[in-house]
Each structure stands twice: as C-alpha cells, then as structure tokens.
Amino acid sequence: MTKTSALSKLYIALVFIFLYAPMAVMTVFSFNGSDSTYIMDGVSLQWYQRLFNDSMTMNALKNTVILAVVSALISTLLGSAAAVGIYNMKNKYLKSSVMTVTNIPMMNPEIVTGISMMLLFVFAGVMLNRKNVLGFATILIAHITFQLPYVILSVLPKLRQSDPSVFEAAQDLGCHPAKAFFKAVLPQIRSGIVAGAIMAFTLSLDDFIISYFTNGPDFQTLPIHIFSMTKKRVKPDMYALSTLIFAVIFILLVLMNIAQSKSDQKQRKQREERV
Amino acid sequence: MKNSSVIQKLINAPYILWSVLFVIAPLIMVIYYAFTDRTGAFTLDNVKSIGDYLSTFILSVGYGAVATLICLIIAYPFAYFLAHTGASFQRMSVMLVMLPMWMSFLIRTYSWMTILGDSGVINSFLGRFGIEPLSMLNTPGAVILGMVYNFLPYMILPIYTVMAKMDGSLIEAAQDLGCGKLHCVKKVILPLSVPGIVSGITMVFVPSVSTFYITQKLGGGQINLIGDVIEGQFQTANNYNLGAALSLLLMVMILICLGVLGYFTDSEDEGGVLI
C-alpha cells in the first residue's frame, strides 16, 4: 500500500513539474542581466524597472482592470436576474430554448464567438455609416456576452437548492414580492452570485481570443498588448510582468486556502463541542 | 398573480433581448457573410472554396484528437491518485492545477520557446554532456505539447470532481465481492467517471482544434491548422466572407462532434459536469 501511494505521489509531482516548468523558466529569466530569453547573463532587476516605466504596458493593464470590473458587474447583474427568470419560467419549451441559447457561447470555439461578434459590429458599422466601430463598447459587449453563461450556470444550482417556502412565507407575512426576494431568496443564492462574479472577472482578465477580434486600436487590453509584443522577439520585461501576475495570484490563492481551512477547523470544533 | 407574471416578464426581457442581439444575431451574421461576396450579393463561391481547406480541417481534427487523448492519459491517473490523498493536500493541489489557467496563456506558451528552443534550457543542459542540440521547436510534437500543456487543467478538473464525489463504498463492495484491483477500475471506477471524461474531452478538444496562437509560436508557422487559416482571413487577408464560411464549417463540425459524444453518455441534468 505504501509503495503504490509513494508512486502516486511521484506521478502527481511529475505532472506539477510539467505544469509549472514554464512558470519557473519565466521567473528565472525575468531577472536576466541581458535582454535574451534564452541565455542567462547575470542577475538584475532592470526588467522590472523598465516594466513600471513602460506607459504602454501600464495603460494596457489599466484598461484590462477597467474592462474586467465593468463587464463583471454588468454580467453579474444581468446574469443573476436571468437565472431567477429562467428558474421561474413556467413554459417548458421557452425554458429549454433559452438554456440552449445560453450554452452557445460556452460550446462554440472562442474563435467563432469572436468572429461572429466582430462581423455583427462591422455590419452594424456599415449600416450606421461609421468606420471605426471597434473600441471599448464592442469589447465590453463581447466580454459581457461570454461571461453571462458562467454567471447563470453558477446561480441556477443555488436557486434549485434554495427553499421556495421561505419566499412564500415572507409574502404571506405581508412582504412585497420584491422585498421578499431581497430578504428571503437573495441570501440563499448569494454564494452562487459571488462565485459567478469572480469567474466573470477572471475570465475577462485572461481573455485573448475574443478580445483579439473585437478590440479597437484605442482600447488595448493586456493580453492584446502581450500578443503584439510576442510577434517580435520578446524581451524579459514580459516575463517580469507575468512573474508579478503569478506572484499576486499565488498569494491570493494561498490566503484563500488558509482562510478556508481555518473556517473548516472552526466548524469541526463547533461540531465537536456540540457533541 | 397577474402582477407577478408582469414582473416575471420584466426580469426575463433584458436577458432574452441581449441573447437575441449578441448571441443569435452574430451567428446569423456568420451565415450571411458566408453566403455573400464583398458587395453583399448572394454567392456560393465561399462555400465551394471550402473544399481547398478540407485537408486542413482533417489535420486540425487529428491534432485535436491526439492532444485530447494525451491529456486524458495524463489526467486520468492524476485525478484518481489525487482523489485518494488527504483533504488539505487535495485542496492545495486543485488550486495549483487551476492557477496556470488564470495566467496569460500567451506568455505561458511563449516560455515553452525558451525551454525548447535550439539554444534553450533543454538544449543547453544537454550541451553540457556534449549532446548535439535537438531541434524541437517548429515540429508537430511541439504543437501537440503546447496543446496538452495549455488544456490539461480542463481535463483534470472535471475528472477529479467526479472521482472526489465517487461513493467509496461501491468500490469496497466490489472488492468484498472478489473484484481484483484492475477489474474494479474497469467495472466500477471507469463507468462512474464517464461524465467527467466526456466534459474533459469537450473542454480540451474544442480549443485544441480551433487554436491559432500555439501553432504560430511552437509550430513556427509551418503547421497551419484551421484556426490559423480563419485568423488569417480576418486579420491579414481581409476576406471576411471566406473566413465566415470556414468558421461556419468549424462550428458545424464541432457541434457534430459534441453530438456524437453526447450520444455515448446518458443525458444528465442540464449543464452536465462543470468544473
């Protein structure tokens, strides 16, 4: 038994080495003394310095965050409302066709989603006689569209788990339906909404393919900026940027993990005390 | 009651309107562009010239299938072993599997160039032992590696989710009834993990078939898959009509693949297994 578990640990370790090899390489080369991404030549922090002085990259970073926040906010609001609407739909035919349409952006290859939206915007531009339609508005619409299914699919299960009698009880006790919703239903589905919002936010941060087809020259996001940088020979400053992003995400995840295991321990203790 | 159905409609209207405008209309645009020429007149030329790209399509499906199979072979034992480790180790590992998904996939793919390049990390390591540099970049192997690397987490997570939820007593029962270890995997574990495998296959196959960045960087532009051709029509050749026709075919092909895959699994509740 111990032999197999040692082997399985080794296998897990090997897969992690594969997953993290590029990250390790990237981190090491971000401290390179020369501008090569192939040969290490001394250690320096110059690429980090250059990164913070690079207004293009900083601007792209700002755009990415703005886009992610705005699109996640709108898609969370719209998606949560849609989930409540779909959950309460009486017409079965309508319900299943709405669910099918909801699944389309998740099933379609991203390149097709991106292209179909680009064609729509270009077509609308021709109709409206405007030349440069692609910009902040179009990329925002595109991001909201591909985030919506994820929000809806993380809120819907919570609605199914929720207890409908609480909503009815609130109304019987004289609550206006809207108030009853906010007081009785919302707390039950809050975790699904939060999970959907986080998902939407992170999807937007990292999206390249759909942004690539719907962005305009005056609103570049970080992945688009990175793409144009990797067309030429990449300097270690891109590695420095990714190392920083990696560090931030890693710290956030570790903190979340610690918080989670602490709350688990607390629950366990409480349960033991009760027993 | 009348009042609530008005509210119901008010909740549903924005999302349905959004879906019609930004999910269905873009798909209609793809069809419209596929069957018209530059002037907007009806034509079948684009559909006819798809024939020239048939071999590209077949090649793309081949690459996608190989990458998906390798992902499955790596991910299945990984998920199985992981599901049998301690709770806190599992939680940390799942986070480590998800972490790369939140980082720019462009940079992660690019760093493989640093690892595989002619003067890259592997070759300079081999060089110390006097081994001639291997040319690994710009080969089919490098492209497959890029696909496997990028999409492996999408295979691991759904399979792991199924494994973690699996009822341990079923396995014990099988063993009590005289089932050998391998036989038990075949008769109990494998059938129970089919939903996870199916959603993993979908989540790896679709982006692999339609990728264009991985082939550009790790294939050095020598391997042209359908994603590259479509991207080229939109970003360099500016032939939106042909690009739309190819996207349409890609979409139909993937829908057929998903349909075939869905045929092999019993219909689950809507949505299926999502991460």
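User: In which hand does H7(B) pass H10(B), right-handed or left-handed?

Analyst: This is a predicted model. In it, the crossing of H7(B) past H10(B) is right-handed.

User: At what angle do the axes of H7(B) and H10(B) cross, and within what distance do they come?

Analyst: Read the angle and the spacing together. Helix H7 (residues 140-165) of chain B crosses H10(B) at roughly 160 degrees, and the two axes come within 8 Å. That makes H7(B) roughly antiparallel to H10(B), because angles over 145 degrees count that way.

User: Which residues in H7(B) and H10(B) meet?

Analyst: Take one helix, then the other. H7(B) brings Met147(B), Phe151(B), Tyr154(B), Met155(B), Pro158(B), Ile159(B), Thr161(B) and Val162(B). On the H10(B) side are Pro195(B), Gly196(B), Ile197(B), Ser199(B), Gly200(B), Met203(B), Val204(B), Pro207(B) and Ser208(B). By class, the contact of H7(B) with H10(B) has 12 nonpolar residues, five polar and no charged.

User: How do H3(B) and H10(B) pack, by angle and distance between axes?

Analyst: Their angle is about 140 degrees, with the axes of H3(B) and H10(B) 9 Å apart. H3(B) is therefore oblique to H10(B). The crossing of H3(B) and H10(B) is right-handed.

User: Now the interface. How many residues does the contact take from chain A and from chain B?

Analyst: Count each side separately. Chain A gives 60 residues and chain B gives 67. On chain B, at least two residues come from each of helix H1 (2-34), helix H3 (54-83), H4, helix H5 (105-116), helix H10 (194-209), helix H12 (226-235) and helix H13 (240-264). H1(B) has the largest share of that side, with 19 residues. The classes on the chain B side are 47 nonpolar, 17 polar and three charged.

User: At what angle do H11 of chain A and H4 of chain B pack?

Analyst: Treat a pair across chains like a pair within one. Helix H11 (residues 236-274) of chain A and helix H4 (residues 87-98) of chain B pack at about 155 degrees, axes 11 Å apart. H11(A) and H4(B) are therefore roughly antiparallel. Their crossing is right-handed. Leu253(A), Asn257(A), Gln260(A) and Ser261(A) in H11(A) meet Ser88(B), Arg91(B), Met92(B) and Met95(B) in H4(B). The residues of this contact are three nonpolar, four polar and one charged.

User: What confidence goes with the complex, as ipTM and pTM?

Analyst: The predictor gives an ipTM of 0.88 and a pTM of 0.88. Chain B averages a pLDDT of 87, and 94% of its residues score at least 70.

User: Where in chain B does pLDDT stay under 50?

Analyst: Where pLDDT is low, the predicted coordinates should not be read in detail. In chain B that caution covers residues 267-275, with pLDDT under 50. The model has 15 contacts beyond four places in sequence for this stretch.

User: Is Ile209(A) buried or exposed, and why?

Analyst: Count C-beta neighbours. Ile209(A) has 25 inside 10 Å, so it counts as buried. Ile209(A) lies in helix H9 (residues 209-214) of chain A. Beyond four places in sequence, Ile209(A) is in contact with Glu110(A), Ile111(A) and Gly114(A).

User: What is phi of Asn138(B), and in which loop is its place?

Analyst: Asn138(B) has a positive phi of about 60 degrees. Its place is the loop between helix H6 (121-128) and H7 of chain B. Asn138(B) is partly exposed, with 19 other C-beta atoms within 10 Å.

Methods. Residues are numbered from 1 along each chain as its sequence is written. Chains are lettered from A and ligands numbered from 1 in the order in which they are written. This is a predicted model: local features need pLDDT of at least 70, side-chain atom pairs count only at pLDDT 80 or more; totals for chains, interfaces and linings use all residues. Axes are lines fitted to C-alpha atoms, for helices over the stretch in contact, and angles run from 0 to 180 degrees between N-to-C directions. Helices (H or I, at least four residues) and strands (E, at least two) are DSSP runs, numbered from the N terminus. Angles under 35 degrees count as roughly parallel, over 145 as roughly antiparallel, 65 to 115 as roughly perpendicular and the rest as oblique. A crossing is left-handed if the near helix is turned anticlockwise from the far one by less than a right angle, and right-handed if clockwise. Two residues are in contact if their C-beta atoms, placed from the backbone, lie within 7 Å. Ala, Val, Leu, Ile, Met, Phe, Trp, Tyr, Cys and Pro count as nonpolar, Asp, Glu, Lys and Arg as charged, and the others, Gly among them, as polar. A residue is buried if 20 or more other C-beta atoms lie within 10 Å of its own, exposed if 12 or fewer, and partly exposed in between; C-beta atoms are placed from the backbone. pLDDT is the predictor's confidence in each residue, from 0 to 100.
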